[in-house]
Every structure is written in structure tokens, then in C-alpha cells.
Amino acid sequence: MSNNRVVEITDVPVGDLKAYKGNPRVGSIEAIAESLDENKQYKPIVVNKKDNSILAGNHTWMAAKHLGWETISVAYVDVDDNSAK
């Protein structure tokens, strides 16, 4: 049995997503934007399907918004609030 919770990987409009309010991490949006501009996106960000909140990749999403990207690659997961934390 697999523990993989990914239910879908797709490109999503950047404006459809929202930052996870409990995200404790701090990152350099400018450095991530520079990397995205040069290398594009290597892996999808992780988003909870039930409310479009970003569980992993908040700073990548912010950098993509900064660069004016229309879409970003997302791995949707289907998790409850406890698992999202």
C-alpha cells in the first residue's frame, strides 16, 4: 500500500492559490525568483485540494507571482487540517 497522497499534478493559475497561514518558514523571494527565471520550475509546489492552500512551496509561489507567471505546477494532495499542519 502506498502512502502517496498526491491526487493530481497539473498547472494552476497563480491567482487561484493562497499561502498557508501557518507557514513558519522564511525565504528569499528574490533569490528564488532568480532561480525560477534561470532554471524554471523543477518540481511542483504542494497544495491542499480542498482549499487551494499551499502546504509546501509558499516562497516559490510568491517568486512566481513576482515574475508575473500566469500558472505554476502544482501537486494536489487531499489532507485534513491536522495533516496540513
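Two residues are in contact, or touch, when heavy atoms of one lie within 4.5 Å of heavy atoms of the other. The structure described here is a predicted model, in which local features need pLDDT of at least 70, side-chain atom pairs count only at pLDDT 80 or more, and totals for chains, interfaces and linings use all residues. Residues are numbered from 1 along each chain as its sequence is written, and side-chain values use heavy atoms, with hydrogens and water left out.

**Asn48 and its strand**

Leaving aside residues up to four places away in sequence, Asn48 touches Ser53, Leu55, Tyr76, Val77, Asp78, Val79 and Ala84. Asn48 belongs to strand E3, residues 45-48. Strands (E, at least two residues) and helices (H or I, at least four) are DSSP runs, numbered from the N terminus. Asn48 has a relative accessible area of 1% and is therefore buried; buried means under 20%, exposed over 50%, and partly exposed in between, with a 1.4 Å probe and protein chains only.

**Pairing of E3**

Two strands pair if DSSP finds at least two bridges between them. E3 pairs with strand E5 and with strand E4.

| Pair | Direction | Bridges | Facing residues |
|---|---|---|---|
| E3 and E4 | antiparallel | 3 bridges | Val47 and Ile54 |

Strand E4 covers residues 53-56, and strand E5 covers 71-77.

**The nonpolar core**

A nonpolar core is a set of buried Ala, Val, Leu, Ile, Met, Phe, Trp, Tyr and Cys residues joined through side-chain atoms within 4.5 Å. The largest one has 15 residues, and those touching the most other members are Leu17, Ile45, Val47, Ile54, Trp61, Ile72 and Val74. At least two residues of this core come from each of helix H1 (29-39), E3, helix H2 (58-67) and E5. Val74 touches Glu8, Ile9, Thr10, Val12, Leu17, Pro44, Ile45 and Val47, again not counting residues up to four places away in sequence.

**Two residues with positive phi**

Most residues other than glycine have a negative phi. Lys40 is not a glycine, yet its phi is positive, at about 65°. Lys40 sits in the loop between H1 and E3, and its relative accessibility of 48% is why it counts as partly exposed. Asn52, also a residue other than glycine, has a positive phi near 60°. Asn52 is found in the loop between E3 and E4, two strands that form a hairpin with 4 residues between them.
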